[in-house]
Every structure is written in C-alpha cells, then in structure tokens.
Amino acid sequence: MITRWRVGTTVVHGSDAWEAVNSDGVLRGRVVLLLDAGFQYATRQSAPQLLDRVHAVAQPVAESAVDSTKANFDTVVELASWLAEQRPDTVVAVGGGRLLDLAKLAAAVVTEPSVRAVLRTGSARAGVVALPTPHGEPLRRVLVPTTVGTGSEVSAVACLDTPHGRRLVVGEHLRADTAVLDPDFTRSLPPHLVREGVLETLLRAVGPLVGSPEPSPVADVEALAVIGAATALGYRVASGDRAAPTRLLAAQLSALSHVGWCAAGRHPYAVKHWYIANELSTVAAVRKMVATACLLPNLWQRVLAGDQRFGDAGRLLVAWEAIRRAAPVPLGRDPGAGIRLLLDHWRITSRIPGTDAIAARVAARTVTAWGGRLPMLPDVTTHDIHALLTQCLDPGTSPGKEVVHDSNDGTPQAL
C-alpha cells in the first residue's frame, strides 16, 4: 500500500528558540502579532519581561489580543477581517492550542475566501470539515505555543466550536511555516495542564497504534519510543519537576507525536477515544483530558474484550507493555486497571458526575457527528456509546451548561 506523508513545518526548539527565529530572518516583512488574552494576563503578572521580549523581537506593525475561549465561526471571521486590513507578510501567534487554531483558520480565510462558506455550511453535516485547496499563497505563519500537548503548532488540523458541536477542520495548508518551542513561553502554565498535556501526547502515540489494525514496523517502533518517553516524563512532572528542560521535552514529544514516523501510514481516524471525549467534554463542561481520563479505562476494557470498533486488543497489550516498562512503579498487566493507577499517580481528574440523560445526550451527539456510516466510528450506535458512558459517569446531577473549551484543549493526530 502506498501512503503519502508530508511534514511541512520547520520546528525551532530550545531555550533560545525565539531569539534564533529572529536572527534567522523568519520574521520578515510586515509582521502582526496575535496574543492569547490569557497569556497576556499571565505574563504581565508573572513574567513581564517575556512580553517585552516578544515586542522587541517581533517588531509587529499591529497587535491583537484574542479571547481564545470564543473559538467559533464569528471569531474566525472577525480575526480574518482584521488580518486582511493589516495586510501582513508574517503572522505570529502566541498562545494555547485554541488561539493557534484560530490563527490558522483566520489565515486560511484570508488566503482562500471560500473557506468561510465551507466552515459555515460544512460543520452542519459531520464532525470533520475538509477545507478546499487555496488558490493564493498562504500567509506566512509562525506559531509559538504557550501550552504543551496540543501540537497545534505543527498539525494540519484545527478545532472550531459551532452551533452543531465542536468540529475538526482539516487542510494540509493549515500547517504553520514555523513552530517555536521555547520553554520560556510555558513558564506560567499551571502544573495540572502540564500533566494533562503529557497524557495527551502519550495517548496520541497510543491511539494510532491501537486503532490501526495493520502493523507498520517503523511507525510502531517510533510510537513505542514516544510512549515510553512520555510515560517516564509524566511521572517526572507528577513528582513536581516543571523545570524548563522538562517543559521543553514535553513540547518536543508533543510535536513528534504529530509529525514523526509514529503518525505515518496510520488509519486516518484511529484515535477512537477522541471523538467520544470531544462530545463528553462539551456536554459535561470539563476539559478534554478530564473527559478522556473518564472514558479510557472502560473503553480499553471493551477493546480487550474484542470490540475491534474501538481498537485491536493485541496492539493495546503491546502499547501497555511499553507503558509498564517505562513507569517507575508497578502498574500491572491489565491495561484497564493499570491506566486507572497511572491517572491517579499523575493526579489527573477522571471523575465526572452525570445522569442517564447526560449519557444519552452525549451518545446521540457522538453518533451524529462521528458514528453510523461515518469513517471515524463506523457501525457504532447510540446504544453502544450510552452503555459505555453509563459505566464511566458517576451518578449525580447534571454537570451544567456546555463548556467553551479552554486554550489548552487538544486535537488528535493529523488526519
């Protein structure tokens, strides 16, 4: 079988990565700077000199603070209009995964106006929205993540909140020209988001390995290496290690899980847990990795029981063995029970209260956007998802209104 795999982003990484980008002439022509509003606040409170350094190096002709909690169609259009007025040669976006997604989508609208209509109409039909190939030259984009785990800075996907649910927008031209992994920019990241970011990276390597039934020798070797490295790193972070080299390694592994060999030649919709967690996090008003942690033990038990719609049991055991070998404490041979222990060790919340009505609502949304005859969760029914959620959720009151996803929210591997 012939597969095509493109890695189109230059990754500049290290403790002086931002200065290196400037000295290499990456920031050329008219530069506009997009700053995540949350990052602006954090840096002004804890590291004012960092924001000053951004201004000094980028020398922007214009700056905009973007509220990444509003990652919806209107925000994309508003940001695209602002970018078109500025007529930049280079767009620099500094923020979490949601801000980077917004920047990628807005730049795509500027380059190819038809993208606007596709985002509006395509999101009503299914969970994945494929963008048209642009006719013009894409805006030069330099993405500087202030979180770890999402990998938006190197991926060809972006997430968009719509009236129909959270959609996954796909387009090869969404890949940035340059990604800057500088640990100074994750200095203010809360410890629990570092831990969740490492978990996201770990599962981005596990998901394609387990969800792709056919072996891919080189991809499997690298996936197992990333799994081992992310597991060991997660325990380091959980023990309190948040030093700059540790945060840099977390960012490097996150990027590698998107564009390394572990992502090559896989089933394009292999990360099965992502689609269910996407809907659960929205309805239950929790972060994506909390929803994932809630689902994972019972979902893995289904895989081990032979339900191949959610993954291959033998390959899950291979992935789990890599996790066990890398963990500094015993986790046992059962992946379902063992992942519960790992989540406890990493202090990642997995308890979500929910009623039967909540489970039914999430199940209906999941199948509408991702299941049935769609290729993400083919042949998965609302009954299947409802039964799974009944096992996962703690009985209780309704979690409340739907969440607007936080700026550290992640995306699955590039499709």
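This is a predicted model: local features need pLDDT of at least 70, side-chain atom pairs count only at pLDDT 80 or more; totals for chains, interfaces and linings use all residues.
**Overall architecture and selected local features**

Among contacts between residues at least 6 apart in sequence, 80% join residues at least 24 apart in the chain. Of the 415 residues in the chain, 60% are buried.

The packing of two helices was examined in detail. Helix H12, which spans residues 313-326, packs against helix H13, formed by residues 335-345, at an angle of about 35 degrees. The axes of H12 and H13 lie 11 Å apart, and the crossing of these two helices is left-handed. On the H12 side, the contact is made by Leu316, Leu317, Trp320 and Ile323; on the H13 side, these residues meet Pro335, Gly338, Ile339 and Leu342. Seven residues of the contact of H12 with H13 are nonpolar and one is polar, while none is charged.

The buried residues of H15 are Asp384, Ile385, Leu388, Leu389 and Cys392. Viewed down the axis of H15, these buried residues fall within an arc of 125 degrees, so they line one face of the helix. In general, an α-helix has 3.6 residues a turn, so residues three or four places apart point the same way. The cover over the buried residues of H15 includes helix H10 (272-284), helix H11 (288-304) and helix H14 (356-370).

Serine 254 is located in H9, the helix of residues 244-259. Because its relative accessible area is 1%, which is under the 20% limit for burial, serine 254 counts as buried. Leaving aside residues up to four places away in sequence, serine 254 touches Gly149, Thr150, Gly151, Thr201 and Arg204. Valine 259 also belongs to helix H9, and with a relative accessibility of 17% valine 259 is likewise classed as buried. Along the chain, valine 259 and serine 155 are 104 residues apart, yet a separation of 7.5 Å is found between their C-alpha atoms.

A further pairing across the sequence involves a loop residue. Histidine 267 is situated in the loop between H9 and H10. With a relative accessibility of 31%, histidine 267 counts as partly exposed. In sequence, histidine 267 and glutamate 214 are 53 residues apart, whereas in space the distance from C-alpha to C-alpha is 8.7 Å.

Arginine 87 occupies the loop between helix H4 (73-86) and strand S4 (90-95). Its relative accessible area is 66%, and arginine 87 is therefore exposed, the threshold being over 50%. A positive phi is also found at aspartate 379, a residue other than glycine, where the value is near 65 degrees. Aspartate 379 is placed in the loop between H14 and H15. At a relative accessibility of 59%, aspartate 379 counts as exposed.

Methods: Residues are numbered from 1 along each chain as its sequence is written. Side-chain values use heavy atoms; hydrogens and water are left out. Axes are lines fitted to C-alpha atoms, for helices over the stretch in contact, and angles run from 0 to 180 degrees between N-to-C directions. Helices (H or I, at least four residues) and strands (E, at least two) are DSSP runs, numbered from the N terminus. A crossing is left-handed if the near helix is turned anticlockwise from the far one by less than a right angle, and right-handed if clockwise. Contact means heavy atoms within 4.5 Å. Ala, Val, Leu, Ile, Met, Phe, Trp, Tyr, Cys and Pro count as nonpolar, Asp, Glu, Lys and Arg as charged, and the others, Gly among them, as polar. Buried means under 20% relative accessible area, exposed over 50%, partly exposed in between (1.4 Å probe, protein chains only). The arc is that of the directions from the helix axis to the C-beta atoms.
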